[in-house]
Amino acid sequence: MTVRPACDADAAAFLGYKRRPECQAYVTRTVDTLEQSTSLIAERLDEPDSLLCAVLVDGHVVGDMGGRRYRPESLGPEPDVHDFYLGYTVDPDRWNQGVASAAVALLVPALHRVGIRRIVAKTFAENAASLRVLTSNGFCHEGTERLAVLGRDGRWLDDCTLAHLAT
Ligand SMILES: CC(C)(COP(=O)(O)OP(=O)(O)OC[C@H]1O[C@@H](n2cnc3c(N)ncnc32)[C@H](O)[C@@H]1OP(=O)(O)O)[C@@H](O)C(=O)NCCC(=O)NCCS
C-alpha cells in the first residue's frame, strides 16, 4: 500500500468509488460526475492549507485521504502551530482489508513530523469502520455531539470527535 499526493489524473479513479452510495452516506461533499471529481482535486491542490492523497494498492488507486490544516484557537497571540482535520474514503470493493488503517498509520506520523500538533477526525457514531480505523491508530474519542448532523436519509446523527496528539 502506498500513499502519494493526488493529481489531476486521479479524477476518474476517485469518481469510480466516490459516486457509490455507500461512500456518500457519511461525507459532506459528494462526487457524482467526472467534472466534480476534477474540481475537487483542483481545489485541494490550489488551497495551500489542504492536502489530498491517493491511496494505492498494487499500483491501483483504491482510496483517498487528506484534510486541511488550521490554526488552533487561542486566547492570546496567534499560535505558531497548526492542527489538522483528517478525512478518508476507500473503494467499497476494498473495505475491511486494512487499507484505511494502513493509510492513516502512514499519514499520522508524517503529519506530526511536519509540525502538526493535533490531528482531529470527526466521524458519525454509527460509522463503526471509521471509528475502528481511528481508535486502532491511537486516536482518542474526545466527545460526541448528540443528534448534531442531519443525515442524507433524514435521521439526526450523533457526531464523534477523535484526536491524535503529537507526543
Ligand atoms: C471508513 C472507511 C474508510 C474504512 O476503510 P477500510 O479500508 O475498510 O478500513 P480498514 O479495513 O482499515 O478497517 C476497518 C475496521 O472496521 C471494522 N469494521 C468494519 N465494519 C464494521 C462494523 N459494521 N462494525 C464494527 N466494526 C467494523 C473492520 O473489522 C476493521 O477493524 P479491524 O482493523 O479491527 O479488523 C470505509 O468504510 C469508507 O470509505 N467509508 C465511506 C467513507 C467514510 O465514511 N469515510 C469516513 C468519514 S469520517
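Helix 1 and helix 3 cross in a right-handed way. Right-handed here means the near helix is turned clockwise from the far one by less than a right angle, left-handed anticlockwise. This is a predicted model: local features need pLDDT of at least 70, side-chain atom pairs need 80 or more, and totals for chains, interfaces and linings use all residues. Numbering starts from 1 along each chain as its sequence is written.

Back to the crossing. Helix 1 covers residues 11-18 and helix 3 covers residues 34-46. Their axes come within 9 Å, at roughly 115°. Axes are lines fitted to C-alpha atoms over the stretch in contact, with angles from 0 to 180 degrees between N-to-C directions. Helix 1 brings Ala11, Ala12, Phe14, Leu15 and Lys18 to the contact. Helix 3 answers with Leu34, Ser37, Thr38 and Ile41. Contact means C-beta atoms, placed from the backbone, within 7 Å. By class, the contact residues are six nonpolar, two polar and one charged. Asp, Glu, Lys and Arg are charged; Ala, Val, Leu, Ile, Met, Phe, Trp, Tyr, Cys and Pro are nonpolar; the others, Gly among them, are polar.

Now the whole chain. The protein has five helices and seven strands. These are DSSP runs: H or I of at least four residues, E of at least two. The order from the N terminus is β-α-α-α-β-β-β-α-β-α-β-β. The C-alpha atoms fill a box of roughly 45 × 35 × 30 Å along the principal axes. Take contacts between residues at least 6 apart in sequence: 57% of them join residues at least 24 apart.

Last, leucine 157, in strand 7 (residues 156-165). Buried or exposed? Leucine 157 is buried, because 20 other C-beta atoms lie within 10 Å. The cut-offs within that 10 Å are 20 or more for buried, 12 or fewer for exposed, partly exposed in between. Buried residues make up 31% of the 167 residues. Leaving out residues up to four places away in sequence, leucine 157 touches Phe124, Glu126, Val149 and Gly151. Tyrosine 26 is 131 residues away along the chain, yet its C-alpha atom is 9.7 Å from that of leucine 157.

Note on methods. Two residues are in contact if their C-beta atoms, placed from the backbone, lie within 7 Å.
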